[in-house]
Amino acid sequence: MRTLTSLVGREVATEDGRPLGSCRDLRGELASSSLRVTALVVGRRGWLEHLGIRTRARKDAIPWEAVTRIEGALIVVRDDAVPKEAAKG
């Protein structure tokens, strides 16, 4: 079992190896008595969001469904699920 905090700080990359930055936070939905993770927040803008500073363009969130695997300190996501504006941060 993984904890949510164990994912924060891991590097995120696409399947073809393109680095996207670190996982800065997670988004989720609370349904009845369970929490479902919906997205990874990555990069510099993701860090600002983690601190409570909203950015105008919230393009650095990657849908949780796009995560293909977690390998040690690396989270790998599908290439087609990465926003074009997502930059290494």
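Arg36 has a relative accessibility of 43%, so it counts as partly exposed (buried means under 20% relative accessible area, exposed over 50% and partly exposed in between, worked out with a 1.4 Å probe and protein chains only). You're looking at a predicted model, in which local features need pLDDT of at least 70 and side-chain atom pairs count only at pLDDT 80 or more, while totals for chains, interfaces and linings use all residues. Residues are numbered from 1 along each chain as its sequence is written, and side-chain values use heavy atoms, with hydrogens and water left out.

**The sheet**

- Six strands make up an open sheet, and their order across it is β4-β3-β2-β1-β6-β5. Strands (E, at least two residues) and helices (H or I, at least four) are DSSP runs, numbered from the N terminus, and two strands pair if DSSP finds at least two bridges between them.
- The pairing in this sheet is mixed.
- At the edges sit β4 (61–63) and β5 (67–71), and each of these pairs on one side only.
- In general, the strands of a sheet pair through backbone hydrogen bonds, in a parallel or an antiparallel way.

- β2 and β3 run antiparallel, with eight bridges between them.
- One of the facing pairs here is Glu29 with Arg36, its bridge partner in β3.
- Which residue in the turn of the β2–β3 hairpin has a positive phi? That's Ser32, with a phi of about 50°, and the hairpin has two residues between its strands.
- Ser32 is not a glycine, yet its phi is positive. As a rule, most residues other than glycine have a negative phi.
- You'll find Ser32 in the loop between β2 (19–31) and β3, and at 79% relative accessible area this residue counts as exposed.
- Leu30 is part of strand β2, and with 69% relative accessibility Leu30 is exposed.
- On to β4: three bridges connect this strand to β3, and the two run antiparallel. Val41 faces Ala61 in β4.

**From β5 to β6**

- β5 is joined to β6 (residues 74–77) by four bridges, and these strands are antiparallel.
- Val67 has Val77 as its bridge partner in β6, while Ile70 sits opposite Ile75.
- β5 and β6 make a hairpin with two residues between them, and Gly72 in its turn has a positive phi of about 60°.

**Salt bridges**

- How many salt bridges turn up in a search of the whole structure? Four do, where a salt bridge is a side-chain nitrogen of Lys or Arg within 4 Å of a carboxyl oxygen of Asp or Glu.
- Side chains of opposite charge can pair when their charged atoms come close.
- Arg36 meets Glu29 in one of these salt bridges, at 3.2 Å from N to O. Glu29 has a relative accessible area of 43%, so it is partly exposed.
- Arg36 pairs with Glu65 too, and here the closest N and O atoms are 3.6 Å apart. This pair ties together distant parts of the chain: Arg36 is in strand β3 (residues 34–42), Glu65 is in the loop between β4 and β5, and they are 29 residues apart.
- Glu65 is exposed because its relative accessible area is 52%.
- Over in β5 (67–71), the side chains of Arg69 and Glu71 form a salt bridge at 2.5 Å, N to O. Arg69 is partly exposed at 37% relative accessibility, and Glu71 is partly exposed at 40%.

- The mean pLDDT of the protein is 81, and 72% of its residues reach 70 or more. pLDDT is the predictor's confidence in each residue, from 0 to 100.
- Where is confidence lowest, and where is it highest? It's lowest in helix α2 (residues 43–50), at a mean of 66, and highest in β6, at 96.
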